[in-house]
Amino acid sequence: MEFTILMYLVPAMIMFGCGIYGFITRKNMIAILISLELMLNAVDINFAVFNRFLFPGQMEGMFFSLFAIGLAAAETALAIAIVINVYRAVRNVDIRQLTKMKF
Amino acid sequence: MIWSNILIYFVIIPLLMLGGLALCKNIKQVRAVAVVGATALMALAIYLVVEFLGLRAAGNDAEMLFTEGAVMWFEPLNIHLALGVDGISVVMILLSAFIVFAGVFASWKMDPLPKEFFMWFCLLSTGVFGFFISIDMFTMFMFYEVALIPMYLLIGVWGSGNKMYSAMKLTLMLMGGSAFLMLGILGIYFHSAPAGQPLTMNILEIASNNAVPHSWQYFLFPMTFVGFGVLGAMFPFHTWSPDGHASAPTAVSMLHAGVLMKLGGYGCFRIAIFLMPYAANELAWIFLTLTGISVVYGAFSACVQTDLKYINAYSSVSHCGMVLFAILMLNTTAMTGAVLQMLSHGLMTALFFALIGMIYGRTHTRDIRKMGGLMQIMPFLGVGYVIAGLASLGLPGLSGFVAEMTIFVGSFQHADMFHRVFTIVACCSIVITAVYILRVVGKLLFGAVQDEHHRTLTDAEWHERLSTVTLILAVAAIGCFPNFFSSIITEAAEPIMKLFA
Amino acid sequence: MESLGSIIAYFIIAIAIIVFSVLAVTSGKILRAATYLLFVLFATAGIYFQIGYEFLGAVQIAVYAGGIMVLFVFSILLTHKPGANAPRLENHKLWLGLSAAVLGAGVCLYSLFEYGSMMVSRMPDNFDINIHQIGQALLSTDKFGYLLPFEAISVLLLACIIGGVVIARKR
Amino acid sequence: MELSYTVLVLIIPVFMFLFLGIVGVKLSKKAAGLLGTTAMGITTVIAYAAALTYFFGADQGQVVDGVRQQLTVLDITWLEFTKNLVIKIGVLLDPISAMMLIVISTVSFMVHLYSLGYMDGEKGFQRYYAFLSLFTFSMLGLVLATNIFQMYIFWELVGVSSYLLIGFYYTLPAAVSASKKAFIVTRFADLGFLVGILILSFYTDTFDFITLTSNPQAAISTAGGATFLGCSVMTWALTLIFMGGAGKSAMFPLHIWLPDAMEGPTPVSALIHAATMVVAGVYLVARMFPVYAVDATALDIITVVGAFTAFYAAAVACVQSDIKRVLAFSTISQIAFMITSLGVASPELHHGVGYMASMFHLFTHAMFKALLFLCAGAIIHAVHSNEMSAMGGLRKYMPICHIAFLIGCLAISGIPPFAGFFSKDEILAAAYANSPLWGVWLSVVAGMTAFYMFRLYYKIFWWNNPDYGHHTPHEAPMTMTFPLIFLGLVSIVAGFIPFGEFVTWNREEYIIHLDWTIAGTSIVIALIGIGLATVMYRKENDIPERLANQFRGLWTAAYHRFYMDELYQFITHKIIFARISKPIAWFDRRIIDGTMDLLANVTNSASFAVRRMQSGSVQTYVWFYIVGAVAVAAITIICLI
């Protein structure tokens, strides 16, 4: 048995699907963030895998993943700051309750 | 250089006023700025008339004067800030200046937010003056929009009654008209020159090229005519007018009925008819029918209204219908009559709305069934109202008579039987006008005092008197010396109406 | 032919990813979901190690598993009562999510298998990438240098920190 | 030209109007009244000077070959429609306008003078004099008009002055509605006038009277036999112009405003609604007479309308109880005489004597009818009522008034040597010359005239002696009695003016011959009428009552003026307001506006419908995004396959 590119892409794909599902169905803001992280991760894997299998002499995919991880850290930090702030304001992190800024 | 052109200052002054008002701290400064600006505009307008007549007397018979200094605005569509006036625009500018002046005094005690009110008022004036001085289609359209939009806020914020509904309705209907207009203007632009030559937005060039294909004119003429006709309160697109006027504050009603509705008539003539004479000739009968209906229909509607402003709004429908009606007769005399009617209707409706505003400000009702005998209580306003009414029903010596008679005589000179019969139909409106005017005057001013509380009310104050007297004098000036105005207009209308001879 | 060890490792990683991903988005308790996410992140790091990107894997563990997860856990603890269950899903939400996920995955998988002739290519062997090269690339300004994005990321992180502080600060 | 000072008769009153109108309230009442009267006096002097110079003055080209010329003293362009259609404001002196100058200025001056006493102490005294000046200006402008459009302008102005003066007591609802009615009815007639002018000017390409009348055949031939609905356009034009005249002159069926107009102050009734404005219609037809003369149909219409109105108004006058109403209907009847006289005056018959007779009657009627109205004013001033039932036996209390009234009655009845006899006799002669039918018809009406006038006279001055209590009627002050005496004298002597020497249809001299068979008959008929009235009304008795009961239906119908007002009321309120205006207003609000609102509502509900997509929920957006992306991908794949 040999490792083909497909063998890495399929789990990443499923991870991404789970991310979508979670993002759409969850009502908890932190859970939504978790789903988001899943999607990001799936994409990171794809970058790295494509780089490794198709262009092994270069490092672009890897660096992209690297920066994406950095960005994800920043984004999460900010998002969580917002979540906590929202929680302070309305004592809740349920998105159904956060309709003040709608319309 | 455009700064050497006197016309540009008609736009600059209101903009300067706008800036000045923004810096004002209290109502006194606001009034000072408004009065200075309005007076400057009026002086400039009078100066323009003198200058214009001087140039004409000196033998300058170009179609438009003061055309120097066009500035390119937008190269790809060849849009210029191109200015120019002929006799018709000159008198319209004079009219606007008068009404702005009177309007400032009529809204002397505007409350709340006087500063903001006057700022929007200035913006509106900018649009109005800009429209009359432009000879570039797109610039005209732009100023047209500038004049329309402030109306929404002016009615929505400072209005009375069902003001949000009215403001929305007015703006939406006029915007609907603008949409037609935009299509029409672009259509004209893309056929503005014979194949191979650069396209142009300049009205004079388009007219001299006369290159819009006949098949396109059939399509574009109704577009532009209806587009402007909406603002000219053409049946069946007039319903914004009663609601809009009823809700608008005094000065806005004045400016709207007095000047803004004239943009419609002016535009119909300047763009629709001037640029597409072929279709104008062919399709005139459709619009003649509509405007003829407007004239009689508006008058009949006014007979049974009970709200003072509604009565005037419907009477405006009737009178403005007369303007479009006369324009469509396509001969010099009727055209002169149409412009005179614009002047006359502008002044006397402004007077009417000013007086209604003053009466409403005292009695807090506009329902004629709840008022009566006001002549005993406020004689000045009563006399003013009677004069406005007499002007409206066409008393010789006031402006309405001159305008209507010029229209009737001009229209009746048309060689076609259809046109003459319709003229007679339109003539009938003079009787109906008398009916509704006298009905109001009788109920409102004469008779016994209806409401005992009204006995304590006071007569006009100095600024109200000034506003009223200015307008009455203007109405009487046109009525007593019509040939002065008529000759300016005729001389401008003649070359255009040659297209139809 | 790969070694049996790496095959077993691959399957463990693949199954972990699939199972924990699903659990992370279906679990009713938020703290557990975070834990499942942690496992997924570890598994991802495993993939990186397996395909030879050790540095990337290390970063993944350090930043994600180490940094971000801590944030998650803290925020969860700050905003949730322990043991609280997520409310039951409404049906239409469930179908909405499922349909989107399945449709998306379906189209992707279809195209993967349909046009995947090159997708079955082996992992190339001629591979030598070391930390030295990475370091050079990261801080070089040559053609394949990443100094600018590197600096940009650092500024971004700084901005994020400040932003986080500003947002979360007590007023 | 030397006569150009005539223009002052227009300038002085209009200046007076503006002056009194603007600063009048600052003046004391007495000052305003005296000022107005003085100005009117000066105007009268100038008017007399102009008229007398025109008739008798040194030769300034007034008479050429025995034909009096039409002198255009002044002609200022006021408004230019086209090259030929120009409204000018000018002064045209010819026999009829000079005659009218005298009539108007005399009566107006008398009324000014009379009002000093009559209106004493009224609120708005200054306003009253301002309006009187406005009226005088307009009326003089009307008669001096050089072109038909100038006439129309002043025609409208007299209409407005009349409106303002009828509604002088504006706090009384009756006065307000009467003024409104007067204006609207005459306005409706003016519509006809205007359309007539439009048609006429379209075919003749001129407004100018001299051009029109000097060669009417040319106008007819230009019209080229064009017809509209079966009649030639000229007939249409002339009939419509006559409609304008009929409205002002209160011809049936446009007469209904005149009786109500009596709500105004009595001097105003004397000036406007008896002597001057109401004869504007007669004057209009007379002014255009050469044009009418070539169109027999139009003249026939005029004759029929005039003759019917004469009879109708006389019949109604016989039963009215308000003295001013009686006088009003009598005015209608007398004007109808003049109109009929013009109608029967074809130039071929009897030298067009009808024209002269009509103008003569206009002149004499203005004097004695003004006299009667001013007397009525004095009586009302004394007893504070318009109703006959409040009067009786007044001859003892008001001797001057009594004599003056009697003179007026004799004059209107056609008893020689009073003024009315001569003019009425000429009218009858013209009518008999045209057709015996009209002659007999008018004779009967003349008899009725004598009857109702003396009924009025006896009811006021004889009949019974009601108890006036401590409020004994007394003679009016000097300012009021002087006009009575003056006009009474004029009424006695005016008939002896050799009118035919001055005013004829072709402006040549014409010597009046009294036809004694006709004159004798008319005197006899008048005497019968007077006798009948004497029998019935000299002493209080029950003959009138019994007669009224005998013909109850007829009497009631006549008392209600044959229900013409009710008919109009029905047409205006039930048909025009309720069946036209209301539905139009409804249509406008519901259908037209409803369509606009519907458009707005459809847009609104459509946006409410699509608003659910813009839920603000990011999760839904993500779903749309994913599904969209999937769709794009699927399409791409399908296309690649």
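Modeller: In this predicted model, the contact between chain A and chain C takes 57 residues from chain A and 72 residues from chain C. Helices α1 (5-25), α2 (29-54) and α3 (60-90) of chain A each supply at least two residues of the side that touches chain C, and α3(A) gives the most, with 20 residues.

Biologist: What is the make-up by class of the side of chain A that touches chain C?

Modeller: That side has 42 nonpolar, eleven polar and four charged residues. Among the four pairs of chains that touch, chains A and C have the most contacts.

Biologist: How do you know that chain A and chain B do not touch?

Modeller: Two residues are in contact if their C-beta atoms, placed from the backbone, lie within 7 Å. The nearest C-alpha atoms of chain A and chain B are 20 Å apart, and the two chains do not touch. For chain B and chain C the closest C-alpha atoms lie 35 Å apart, and no contact joins them.

Biologist: How many residues does each side give to the contact of chain D with chain C?

Modeller: Chain D gives seven residues and chain C gives six residues. On the side of chain D that touches chain C, the classes are seven nonpolar, no polar and no charged.

Biologist: Which scores describe the confidence in the model and in chain D?

Modeller: The model has ipTM 0.74 and pTM 0.82. For chain D the mean pLDDT is 83, and 96% of its residues reach 70 or more.

Biologist: Why are α11(B) and α17(B) called roughly parallel?

Modeller: Helix α11 (residues 277-303) and helix α17 (residues 417-427) of chain B pack at an angle of about 15°, their axes being 9 Å apart. Angles under 35 degrees count as roughly parallel. The two helices α11(B) and α17(B) are therefore roughly parallel to each other. The crossing in which α11(B) passes α17(B) is left-handed.

Biologist: Which residues meet in the contact of α11(B) with α17(B)?

Modeller: From α11(B) come Trp285(B), Leu288(B), Gly292(B), Val295(B) and Val296(B), and they meet Phe418(B), Phe422(B), Val425(B) and Ala426(B) of α17(B). By class this contact has eight nonpolar, one polar and no charged residues.

Biologist: Which residues of α13(B) and α20(B) meet?

Modeller: Thr332(B), Met335(B), Thr336(B), Val339(B), Leu340(B) and Leu343(B) in α13(B) face a set in α20(B) that they meet: Phe485(B), Ser486(B), Ile489(B), Thr490(B), Ala493(B), Glu494(B) and Met497(B).

Biologist: On what grounds do β1 and β2 of chain B count as paired?

Modeller: The cut-off of at least two bridges applies here too. Three bridges join β1 (residues 71-74) to β2 (residues 79-81) of chain B, and the strands run antiparallel. Val71(B) has Leu81(B) as its bridge partner in β2(B). Four residues lie between the strands of this hairpin, where Asn78(B) takes a positive phi near 60°, although Asn78(B) is not a glycine.

Biologist: What makes the peptide bond joining Phe235(B) and Pro236(B) cis?

Modeller: Its omega is about 0°. Pro236(B) lies in the loop between α8 (214-231) and α9 (240-247) of chain B. In chain D, the peptide bond from Phe252(D) to Pro253(D) is also cis, with omega near 0°. Pro253(D) belongs to the loop between α9 (233-248) and α10 (257-260) of chain D.

Technical notes:
Residues numbered from 1 in each chain as written. Chains lettered and ligands numbered in written order. Predicted model: local features only at pLDDT ≥ 70, side-chain atom pairs only at ≥ 80, totals over all residues. Nonpolar A, V, L, I, M, F, W, Y, C, P; charged D, E, K, R; others polar. Axes fitted to C-alpha atoms, helices over the stretch in contact; angles between N-to-C directions. Parallel < 35°, antiparallel > 145°, perpendicular 65-115°, else oblique. Left-handed = near helix turned anticlockwise from the far one by under 90°. pLDDT = per-residue confidence, 0-100.
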